Amino acid sequence: MDYAMPRAGDIPALGVGTVVTAAPSNPLGIKGAGESGTIGAPACVSNGVIDALWHLGVRQITQPMTPKKIWRAIHEAQAQ
Amino acid sequence: MKVNGEAVSAELDPRTLLVHFLRENLKLTGTHVGCDTSQCGACTVHVNGTPIKSCTIFAVQLNGAEVKTIEGVGEDGALHPMQAAFREEHGLQCGYCTPGMVMMGIDIAKRHKNPSEAVIRQELEGNLCRCTGYHNIVKSIAAGTKAMAG
């Protein structure tokens, strides 16, 4: 495979909590959300990768974060 | 060979994988093909009581063996306790990895009386799921193990 697929041992038990602010626009206080919660995930992963490489001088990385791209980012940062 | 207790025989191209024999010849389509690298485990069946990946063995290698698929784990039309646990704990979303998870769960329960969450997660190294994040799968296997212990 071209990337590490998370397996059961790579993921912790998940806790789900809710913070409820009812929308004032309808009796149920609800809004349609679809899967908009997924929008933050790629940014979170990118920031995690940059954080992991920060001490090597890497300040930016773009997706797809292939091994080749990580390698190049590290070596370009080290060369400076 | 025997499949789910019934004797079966066929003349096959020797390159026929067990998973294709089960799905296409025997029409037992509960065993799934989920990858082409032997990593996903959606093809997991029991051969002589041991879970194996049916995508990585030729049917002809199992001449004389006893094979159990997901279709064969229940008895008398009732769900196997591990299947019932997956239903109770909602251990699936799309269901594609689920037969493999159940087959592996049954084996985990046979070898571990009271497995910790960490042990269950480690034992599922060979079963991938793209939908659930494994959370309810682990819960289901823990519950199924308790149920199988009676």
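Colleague: Which strands does helix H3 of chain B lie across, and at what angle does it run to S3(B)?

Modeller: Helix H3 (residues 98-111) of chain B lies across S3, S4 and S5 of chain B, at about 45 degrees to S3(B). The angle, on a scale from 0 to 180 degrees, is taken between N-to-C directions of lines fitted to C-alpha atoms, for helices over the stretch in contact. Helices (H or I, at least four residues) and strands (E, at least two) are DSSP runs numbered from the N terminus. The model is predicted: local features need pLDDT of at least 70, side-chain atom pairs 80 or more, while totals for chains, interfaces and linings use all residues. Residues are numbered from 1 along each chain, chains are lettered from A and ligands numbered from 1 as written, and side-chain values use heavy atoms, without hydrogens or water.

Colleague: What makes S1 and S2 of chain B a pair?

Modeller: Pairing requires at least two DSSP bridges; 2 bridges join strand S1 (residues 2-3) to S2(B), antiparallel. Helix H1 (residues 18-25) of chain B packs on the sheet, touching S1, S3, S4 and S5 (contact: heavy atoms within 4.5 Å), at about 100 degrees to S3(B).

Colleague: How many helices and strands does chain A have, and why is it called more spread out than a compact globule?

Modeller: Chain A has 2 helices and 0 strands. Its radius of gyration, 19 Å, is well over the 12 Å of the globule rule for 80 residues, so chain A is more spread out. The radius is taken over C-alpha atoms, and the rule is 2.2 Å times the number of residues to the power 0.38. The C-alpha trace of chain A spans about 60 × 30 × 20 Å along its principal axes.
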